[in-house]
Amino acid sequence: MSETIRRVAIVGTGGIATAHAQAVAAQPGRARLVAAVDVDLGRAEAFAKTWDVPAAYPSLTALLAAGEVDLVLLCTPPGSHVPLAAECLAAGVDVLVEKPPTLSLNELDELIELESRSTARVICVFQHRFGSGAVRLRRLAADGLLGRPLVATCHTLWYRDDAYFAVPWRGTFEIEGGGPTMGHGIHQFDLLLSILGPWEQVTAVAARQARPTQTEDVSLALVTFANGAVASIVNSLVSARETSTLRFDYEHATVELEHLYGYSDADWIVTPAPGHEAVADAWSADAADIPSGHSAQFAAVLDAKDAGRPAPVSLQDARDTTELIAAIYASAFTGKPVRRGELDPANPFSVRMDGTGAPWAT
């Protein structure tokens, strides 16, 4: 196991940067924050002072020119992810990109192509994959103890008031990429995909129910999977009682998760089918309780790097999730089912998530 202390920089010192700083701080002796970057240098300097970071820069270019960083944590608005990640790849520096990694499926494929020509790698933030409950569920499913997956639900029911959309980059396809389908429910259904595997077809609807936004504030999708499972996915920003729920009905058990922005083992419920009580025993046999979150994923990234393995989550993994997002919008805006692989690079919904335009835009 390597004892290298990795030099980490945070680019973009807005709200989510705190979670990343906490994740680095939780790994003393393995990683340390060496720089903070923000187009508002004063804000970068304030962040650096708060987290005892030795340097602050006004741009990623200035940071990379200094040449003293091993990993960039990219926490800027979504529209800037591709050019900034590309700059890291050109410099041979690994970059961990906040969600959504790109604004479109074509942009993600562009990053995959750039990555193939670099010694560096792009890692995507999907932190809900790394809580011990999700890790345990994937293991039990892979071992066959749960039987076949049959039905699942994945509902991200959140609330954002009108003032939330006053931030200039929010509520637009051009800068944010989409609404709750793109920027809010993405963590939940990424977790769903990590457990159920490849999806095959989606039929969806989307609506702008109440918020001053160019994007949807609600979407609903019915998804079929290659393993035969069927699932419903709901993403909402108009739900006063906020909750994030996932439910997996297997042949031998029901496994449920209810939380809001992050979970621990206490948020999971396992109900064995009659005659399959061994499922509950297997679930409780593993006592480790690792909450989901940036710290859990950052630790997994360091573990992979120390072992010489590709760090999770790869661009290719993120492509599965991004393609589902594009397919949800395509189905909702055209009124037709969309199959996996149907959206080629020339398809309008591969170019932009709103494709030929949201119905309410006209």
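The model is predicted, so local features are given at a pLDDT of at least 70 and side-chain atom pairs count only at pLDDT 80 or more, while totals for chains, interfaces and linings use all residues. Residues are numbered from 1 along each chain as its sequence is written, and side-chain values use heavy atoms, with hydrogens and water left out. The protein chain holds twelve helices and 14 strands, where helices (H or I, at least four residues) and strands (E, at least two) are DSSP runs numbered from the N terminus. Its radius of gyration is 20 Å, close to the 21 Å that the globule rule gives for 362 residues, so the chain is as compact as a globular protein of that length; the radius is taken over C-alpha atoms, and the rule is 2.2 Å times the number of residues to the power 0.38.

**The chain as a whole**

- The C-alpha trace of the protein chain spans about 60 × 55 × 40 Å along its principal axes.
- Of the 362 residues in the protein chain, 52% are buried, where buried means under 20% relative accessible area, exposed means over 50%, and partly exposed lies in between (1.4 Å probe, protein chains only).
- Among the contacts in the protein chain with a separation of 6 or more, 69% are between residues 24 or more positions apart, a contact being heavy atoms within 4.5 Å.
- The protein chain exposes about 14900 Å², of which carbon and sulfur atoms supply 54%; accessible areas come from the Shrake-Rupley method with a 1.4 Å probe, and for residues only the protein chains shown count as cover.

- Helix H10 (residues 294-307) has 14 residues and reaches 20 Å from its first C-alpha to its last, close to the 20 Å expected at 1.5 Å a residue, the expected span being 1.5 Å times one less than the number of residues.
- H10 is mostly covered, with ten of its 14 residues buried, and among these are His294, Gln297, Phe298, Val301, Leu302 and Asp306.
- The cover over the buried residues of H10 includes strands S1 (6-11), S2 (31-37), S4 (71-74), S5 (94-97) and S6 (122-124), together with helix H1 (17-25).
- Gly308, which follows H10, has a positive phi near 75°.
- In the loop between H10 and helix H11 (315-334) lies Val313, which a cis peptide bond joins to Pro312, with omega about 5°.

**Helix H4 and Leu84**

- The buried residues in H4 are His81, Val82, Leu84, Ala85, Cys88 and Leu89, and what covers them includes helix H3 (60-66), S4, S5, helix H5 (105-116) and S6.
- Leu84, in helix H4 (residues 81-91), counts as buried because its relative accessibility is 17%.
- Not counting residues up to four places away in sequence, Leu84 touches Leu60, Leu74 and Thr76.
- Leu84 and Gly177 are 93 residues apart in sequence, and their C-alpha atoms are 16 Å apart in space.
- H4 is followed by Gly92, whose phi is positive, near 75°.
- A cis peptide bond with omega of about -20° joins Lys99 and Pro100, and Pro100 lies in the loop between S5 and H5.

**Exposed and partly exposed residues**

- Leu222, in strand S9 (residues 218-225), counts as exposed because its relative accessibility is 57%.
- Leaving aside neighbours within four places in sequence, Leu222 is in contact with Gln201, Val202, Thr203, Ala231 and Ser232.
- Asp52 lies in the loop between helix H2 (41-50) and strand S3 (56-57), and its relative accessibility of 68% makes it count as exposed.
- Phi of Asp52 is near 55°, which is a positive value in a residue other than glycine.
- Thr4, in the segment before S1, counts as partly exposed at 41% relative accessibility, and its C-alpha is separated by 41 Å from that of Gly341, 337 residues apart along the chain.
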